[in-house]
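Dear colleague,

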Amino acid sequence: MNKVKVIISNTQKKVKVPTGIRLLIRRCCHAVLQLEGFDGSAEVSVRFVDNEEIRKLNKRFRNLDKETDVLSFPLGENGHFDINHDTGAKLLGDIVISMEKAVEQAKLYNHPLQREIGFLTVHSMLHLLGYDHENGGIEAVHMREKEETVLTQIGWKRDNSYYMGDEE
């Protein structure tokens, strides 16, 4: 793997983005690509929104009129990605994280907001690379194992709050 460019933006004002979150997101993106043996340079966009905005996006793109924690918008399919012709990097897609929902879930699962943001980033990166858990079964288990492997590698070992909920 070559370079990973992670473009991070914050379009919400409800939750202060803690110091170090941007570095954590970059580390998560890099760790997922490294685990997957990703070849070449990559670009990913990550945007922080509030519950209202993620609800609108969820309704528009998934026809679900409710807020969610994270949405993934892959730009590739079956390992084939668009290319940024200026840099030669593969365009993986966009990650949208509800900071409000991340705070709620961090409290619910009794772990730091940083771990929640890390989990959501890793989860979404795997979606951008083609992984899916929507149908449950072995695919969901395999994806969860990869998530926990990456989080452990970057220092966020799984704790007793591990939960595989219905709303994923």
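In which sense do strand 2 and strand 5 pair, and over how many bridges? Strand 2 and strand 5 pair in the parallel sense, over eight bridges; two strands are said to pair if DSSP finds at least two bridges between them. Helices (H or I, at least four residues) and strands (E, at least two) are DSSP runs numbered from the N terminus.

Please note that this is a predicted model, in which local features need a pLDDT of at least 70 and side-chain atom pairs count only at pLDDT 80 or more, while totals for chains, interfaces and linings use all residues. Residues are numbered from 1 along each chain as its sequence is written, and side-chain values use heavy atoms, with hydrogens and water left out.

Confidence

The pLDDT, the predictor's confidence in each residue from 0 to 100, averages 90 over the protein chain, and 92% of the residues score at least 70. Confidence is highest in strand 2, at a mean of 98, and lowest in helix 5, at 89. Over residues 160–168 the pLDDT is below 50, and this stretch has 14 contacts in the model beyond near neighbours in sequence; contact means heavy atoms within 4.5 Å. Where pLDDT is low, the predicted coordinates should not be read in detail.

The strands

In the pairing of strand 2 with strand 5, V46 stands opposite I95 of strand 5. Strand 3 (residues 70–74) pairs with strand 5 in the antiparallel sense over five bridges, and V70 stands opposite I97. Strand 4 (residues 82–83) also runs antiparallel to strand 5, and two bridges join them; here I83 stands opposite K90. Strand 4 and strand 5 form a hairpin with six residues between them, and G88 in the turn has a positive phi of about 80°.

The cores

A nonpolar core is a set of buried Ala, Val, Leu, Ile, Met, Phe, Trp, Tyr and Cys residues joined through side-chain atoms within 4.5 Å. Buried means under 20% relative accessible area, exposed over 50%, and partly exposed in between (1.4 Å probe, protein chains only). The largest nonpolar core has 37 residues, of which I25, L92 and M125 touch the most other members. Among the elements that each supply at least two residues of this core are strand 1 (4–10), helix 1 (21–35) and helix 3 (99–108). Leaving aside neighbours within four places in sequence, I25 is in contact with V6, I8, V46, F48, I117 and T121. Another core, of five residues, lies apart from the largest one and includes V49, I54, L57 and L71.

Helix 4 is largely enclosed by the rest of the structure, because 15 of its 16 residues are buried. G130 follows helix 4 and has a positive phi, near 105°.

In helix 5, the buried residues are A140, M143, R144, K146, E147, E148, V150 and L151; helix 1 and helix 4 are included in what covers them. G155, with a positive phi near 100°, follows helix 5.

H111 is found in the loop between helix 3 and helix 4, and counts as buried because its relative accessibility is 10%. The side chain of H111 makes a polar contact with the side chain of E116, at 2.7 Å. A polar contact is a pair of N or O atoms within 3.5 Å; within protein, one must be able to donate a hydrogen and the other to accept it, and residues adjacent in sequence count only if both atoms are side-chain atoms.

With kind regards
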